[in-house]
Amino acid sequence: MENLDIAKVFYEIADLLEIKGDNPFRIRSYRNAGLVIEGLPVNIKSILERNEEELEEIPGIGESLHEKIVEMLKTGKCHFHQELLKELSPTLLDLLKVSGVGPKKVKLFYDQLGIRSVEELEKAGKEGKLRDLPGMGEKSEEKILKGIKSLKAGAGRFGLAVGLSYANQIVEYLRKMSGVVDVVPAGSLRRWKETIGDLDILVTAKKAGPVMDRFIAFPDVASVVARGETKTTVVLKNGMQTDVRVLEEKAFGSALQYFTGSKAHNVAIRDRAKRMGLKISEYGVFREKDEKWITGETEEEVYKAVGLPWIPPEVRENRGEIEAAEKGRLPELIKVEDIKGDLHVHTKESDGGNTIEELVDYAVKKGYEYIAITDHSKAVGIAHGLNEERLLKQIEEIDKFNKRLTAHGSRFTVLKGTEVDIKGDGTLDLDEKVLKKLDIVIGAVHSRFNMPEDEMTTRLIAAIETDLVNVIAHPTGRLLTGREAYPLNMEKVLEAAKKYNVAMEVNSYPDRLDLNDIHCKLAKDMGVMLVISTDTHMKQHMDNIRFGVNTARRGWVEKKDVLNTRPLNEVLKLLKKK
Ligand code: DGT
Ligand code: CA
Ligand code: CA
C-alpha cells in the first residue's frame with residue numbers, strides 16, 4: 001500500500017465516524033493523520049523498514065494509528081475500516097464526493113430518508129424531497145443536484161501524487177529488464193496536471209512481447225483490459241488505468257510528443273503541420289505528398305520540423321504556447337533549483353512534527369539559504385495555534401537560534417513568521433504589535449469556508465488592506481481530494497494584493513496546489529508576486545516543493561515572478577511594510 005492509499009483509509013474512517021456521529025477529536029485525529037501521511041514525499045513503507053522511530057516523528061500518529069499503519073502495510077487492509085464499512089454502507093462515502101455534502105448532511109439524508117448512494121440522493125433531489133429537511137432549502141437542494149452533475153463529469157480521476165508514485169514504480173520495474181532502452185511516463189502526468197485520468201507509459205525496447213509479459217505481472221495489476229502487440233492496458237488495484245506502449249527508437253520523439261498531449265495542443269500542432277505540407281503522427285513527421293518519413297527520433301526534431309522551438313510539457317495546453325513559441329517568446333519557466341528557501345513551515349509548537357533545529361538541518365541539506373517559521377495562530381485551536389505570548393517567546397528563541405548559526409559560521413537564516421488566521425470579518429487573529437515584530441506574516445482562512453462569494457472576497461481583501469500581511473496562503477482553500485475552493489473573485493483579490501504588495505502562495509501540498517495553474521498565470525499577468533511554499537508539517541514535506549514549482553510552470557511562471565527565488569536580503573527588502 002502506498003502512502004496515499006493509507007491516507008485514504010484514514011480519511012474514510014474519519015468520514016464514517018463522522019457519519020455515525022462519533023467523538024469529534026477522534027474523527028479529527030484520523031483526518032489529520034491522513035493529511036500528514038498524504039503529504040509525505042517518502043514512502044512510509046521505507047520509513048518503517050529503515051527505522052521505526054522515524055514513524056514516531058510523524059505528528060499526530062499515536063499508538064493506535066501506528067498499529068493500523070503497520071497492519072495495512074502487512075495485510076493491505078485495515079480491520080477497523082472494514083468493520084465500519086460493513087456497519088454502514090460503502091456507497092455512503094460516495095455521497096461525500098458531491099460538492100456541498102459533508103458527513104453531517106450524509107447522516108441527515110441517511111437518518112431521515114434512508115439515502116445510501118448518489119443515485120438515491122439524485123432521485124430524492126429531483127423529487128424535491130431534500131428541501132424540507134432541517135437546515136436545507138430549495139437553494140441547497142439545487143446546489144446538491146448541480147454537485148452530482150459535476151461529480152459525474154469528473155469521476156474517475158486521481159490526484160497527481162498518486163499517479164506519480166505509481167508511474168515511478170512502473171518505470172523502475174520495467175527499466176530493470178534487459179532489452180529495455182528507456183521507459184518514460186507521458187500524458188497528463190508529464191504535463192504535471194493536477195489530476196490524472198490514466199497513466200501513459202512509453203517504452204523503447206528491442207522486443208515488445210517480453211515487456212508486455214513483465215508489465216502484466218506487475219504486482220499492483222488487478223486486471224488486464226487488453227494485451228496487444230504494441231499497447232497493453234491494465235487496471236491497477238486502486239482502479240487506475242495504465243497504458244504501456246512499446247515503440248521503436250526511431251519514433252520515440254514523435255510518440256513522446258503525441259502521447260504527452262494535451263489533445264488540444266496536438267490538434268493545433270497537427271493543423272500547423274498540415275499548413276506546411278507535413279503530417280505528424282505518433283510514428284513520425286511525414287511529407288504529406290508522398291508520405292516520406294522526415295524525422296521523429298526526438299521531440300526537438302518534431303517541433304523543429306514545424307518551425308518551433310521545443311515547448312515544455314507543462315505548458316502544452318493550447319493556451320497560447322504555440323503562438324509564443326513561434327515568436328520566440330516562450331517563458332523561461334522557473335525550476336526547482338531556483339528556489340532559495342521555504343517560507344511556510346510549521347514546527348512542533350503548533351501542529352508540525354519537528355523542532356526548528358531539525359527543520360533547519362533539513363533545509364540546509366536541500367541547499368536552502370533560509371526558511372520562515374510560520375506556526376498557526378490561536379484561533380486554530382485544533383492545531384495548537386500560538387497566542388501572542390507564545391509567539392513572542394518563539395521570536396526570542398529564533399533570534400537566539402540565528403545567533404548560534406552565525407557563531408558557527410553558518411550563513412543560513414531562520415525568518416520569524418506566523419500563519420495568522422484571517423477571521424470571518426477579515427481581521428487578523430494576532431495583535432498588530434506582535435505581527436510587526438515578525439519578518440513575514442502569512443494570512444490564511446481556516447474556518448467558515450461556506451461564505452458567499454462577495455463576503456469571502458471582502459474578507460480576504462480586508463485582510464490584505466490591514467497592510468500587515470505579506471502572503472496569502474492557499475488562497476482558495478481547496479483540497480483536491482475533498483473540499484472545493486470557496487467561491488472567490490480572484491481578480492479582485494489579486495488587484496488588492498498588487499496594490500498592497502502582498503504575494504500569493506502557491507501551496508505545494510499535493511492535495512492543495514493552491515493557487516492552481518490558471519490562477520498562477522492570472523497573478524503573473526497582473527504583476528502579483530508569487531511565493532512557492534510547502535506548508536511543511538514535517539521536514540520531509542519540504543521535498544513537495546516540486547509540486548508547487550511545476551504547478552507554477554503550468555501557469556507560465558518564471559524565476560523573477562517568485563519571491564523565494566531571491567537571496568535573503570532582497571526577500572527581506574520586499575517583505576518590508578511601512
Ligand atoms: P488524462 O489521462 O485524462 O489525465 O489526460 P491525458 O492528456 O493523459 O490523455 P489520454 O491519456 O487520453 O491520452 C494521452 C495523450 O495522447 C493525450 O494527451 C494526447 C494523445 N491523444 C490521445 N487521444 C488523442 C486524440 O484523439 N487526438 C490527439 N491529437 N491526441 C490524442
Ligand atoms: Ca493519461
Ligand atoms: Ca491513456
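So, the shell around ligand 1: helix 12 (187-190), strand 4 (198-205), helix 14 and helix 15 each give at least two residues to it. Helices here are DSSP runs of H or I with at least four residues, strands are E runs of at least two, and both are numbered from the N terminus. Bear in mind this is a predicted model, with local features needing pLDDT of at least 70 and side-chain atom pairs pLDDT 80 or more, while totals for chains, interfaces and linings use all residues. Residues count from 1 along each chain as written, chains are lettered from A and ligands numbered from 1 in written order, and side-chain values use heavy atoms, without hydrogens or water.

Which residues come nearest to ligand 1? Of the 16 around it, those are R157, S188, G197, D198 and R270; "around" means a heavy atom within 4 Å.

Now the polar contacts, meaning N or O pairs within 3.5 Å. S188 has a polar side-chain atom 2.6 Å from a ligand 1 oxygen, and for the side chain of D198 the distance to a ligand oxygen is 2.8 Å. D200 has a side-chain N or O at 3.1 Å from an oxygen of ligand 1. Ligand 1 has 600 Å² of accessible area on its own, and the protein covers 74% of that (Shrake-Rupley, 1.4 Å probe).

Over to helix 15, residues 263-275. H265, N266, I269, R272 and A273 are buried there, that is, under 20% relative accessible area. They sit on the same side of helix 15, because their arc around the axis is only 125 degrees, taken from the axis-to-C-beta directions.

Key. The expected span of a helix is 1.5 Å times one less than its number of residues. Buried means under 20% relative accessible area, exposed over 50%, partly exposed in between (1.4 Å probe, protein chains only). A polar contact is a pair of N or O atoms within 3.5 Å; within protein, one must be able to donate a hydrogen and the other to accept it, and residues adjacent in sequence count only if both atoms are side-chain atoms.
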